[in-house]
Amino acid sequence: GVKICEANSKSFSSIRVFGTIGYIIGTFLGGIFIKNLSYEVTFLIGGLLYLLTSALLLGFKFIDFKESEEKTKEKVKYRLLFSNKCFVYYFLFGILLISINNSSDSLYGLFTASIGVDDDIFGYFSSATVAIEAILLFLTSFAKKKRFFLLLTIGLTAEIVKLIFFSVPDMNEYFYLFSQLLRGITFGSYLASNVALIMDVLGEKYFSSGLFILT
């Protein structure tokens, strides 16, 4: 994806935003389907869409990067990655941020079910959360100078504030639903920065290995 962006003079955010738009549509319709049909039918629809996507993928023509791969196919020594202090710091930051974000996402679904939030309302707010993520990706795709540190700081701050709000007991359900919207800022900031930052810190030769380890 990064190489395709570079070949077309586009930022990674300008491509990733379309994946986020897919999440907006999926979560919006998912809540409606679950409420009016069933979980089984919703999973079946999702599976069929995956098959359709796979079929479409077979028809794509990708850019040939053989020449670039020849230059970078030398075996990477992973210890060299961890001799880069910037990568080590970002590695630890990324693990903590995404671990906390994903864990809170899992608990969020259980929590909203426990306080009686309907599936369709859950779907609407989930779509709104991802819409904020999409807007952030869209805006950063136009930025000439990428301020990765600022973006990640904003994302981390949003995550901290969200968790503080969720620690307040016995609030109206919409207080928690609106608090979850901050998740869009957190993940949007991360997506807008992550790939480009790793490329910037490690360079093309070590990029794939660094991204793989962090993932």
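Mentor: Start with one pair. Lys162 and Glu159 are three residues apart in helix H8 (residues 148–166), so about one helical turn separates them. Keep in mind that this is a predicted model.
Trainee: Why does a spacing of three or four places matter in an α-helix?
Mentor: An α-helix has 3.6 residues a turn, so residues three or four places apart point the same way.
Trainee: And what do Lys162 and Glu159 form?
Mentor: A salt bridge, with the closest N and O atoms 3.4 Å apart.
Trainee: Are Lys162 and Glu159 buried or exposed?
Mentor: Both Lys162 and Glu159 are buried.
Trainee: How many salt bridges does the structure hold?
Mentor: Three. Another one pairs Arg183 with Asp105, and their closest N and O atoms are 2.9 Å apart.
Trainee: Where do Arg183 and Asp105 lie?
Mentor: Arg183 is in helix H10 (residues 182–214) and Asp105 is in helix H6 (residues 85–114), so the pair ties together parts 78 residues apart in sequence.
Trainee: Buried or exposed, for Arg183?
Mentor: Arg183 has 14% relative accessibility, so it counts as buried. The cut-off for buried is under 20%. Asp105 has a relative accessible area of 22%, so it is partly exposed.
Trainee: Which side chain meets Arg183 in the salt bridge at 3.3 Å, N to O?
Mentor: The side chain of Glu133. That pair also links distant parts of the chain: Glu133 sits in helix H7 (residues 119–140) and Arg183 in H10, 50 residues apart. Both Glu133 and Arg183 are buried.
Trainee: Which residues of H8 are buried?
Mentor: Phe148, Leu151, Leu152, Gly155, Ala158, Glu159 and Lys162. They cover an arc of only 120° around the axis, which puts them on the same side of H8.
Trainee: What do those buried residues pack against?
Mentor: The buried residues of H8 pack against H6, H7, helix H9 (173–179) and H10.
Trainee: Take H6, then. At what angle do H6 and H8 pack?
Mentor: About 35°, with their axes 11 Å apart. The crossing of H6 and H8 is left-handed. The residues making the contact include Tyr90, Leu97, Asn101 and Asp105 of H6, and Leu152, Glu159 and Lys162 of H8.
Trainee: And at what angle do the axes of H6 and H10 cross?
Mentor: Roughly 140°, and the axes come within 11 Å. H6 passes H10 in a left-handed crossing. Among the residues in that contact are Tyr90, Leu97, Asn101 and Asp105 of H6, with Arg183, Phe187, Tyr190 and Asn194 of H10.
Trainee: New topic. Where is Ser193 found?
Mentor: In helix H10. Ser193 has 0% relative accessibility, so it counts as buried.
Trainee: What does Ser193 touch?
Mentor: Leaving out residues up to four places away in sequence, Ser193 touches Phe148, Leu151 and Leu152.
Trainee: What about Gly184? Which helix does Gly184 lie in?
Mentor: Helix H10. Gly184 is at 0% relative accessibility, so it counts as buried too.
Trainee: Which residues does Gly184 touch?
Mentor: Thr129, Ile132 and Glu133, again not counting residues up to four places away in sequence. Gly184 and Gly155 are 29 residues apart in sequence and 8.7 Å apart in space, C-alpha to C-alpha.
Trainee: Zoom out. How many helices and strands are in the protein chain?
Mentor: Ten helices and zero strands.
Trainee: How much of the protein chain counts as buried?
Mentor: Of its 215 residues, 33% count as buried.
Trainee: And what share of the contacts with a separation of 6 or more comes from residues 24 or more positions apart?
Mentor: In the protein chain, 79%.

Key
Residues numbered from 1 in each chain as written. Predicted model: local features only at pLDDT ≥ 70, side-chain atom pairs only at ≥ 80, totals over all residues. Heavy atoms only, no water. Salt bridge = Lys/Arg side-chain N within 4 Å of Asp/Glu carboxyl O. Helix = DSSP H or I, 4+ residues; strand = E, 2+ residues; numbered from the N terminus. Buried < 20%, exposed > 50% of the residue type's maximum accessible area, 1.4 Å probe, protein only. Arc of directions from axis to C-beta. Contact = heavy atoms within 4.5 Å. Axes fitted to C-alpha atoms, helices over the stretch in contact; angles between N-to-C directions. Left-handed = near helix turned anticlockwise from the far one by under 90°.
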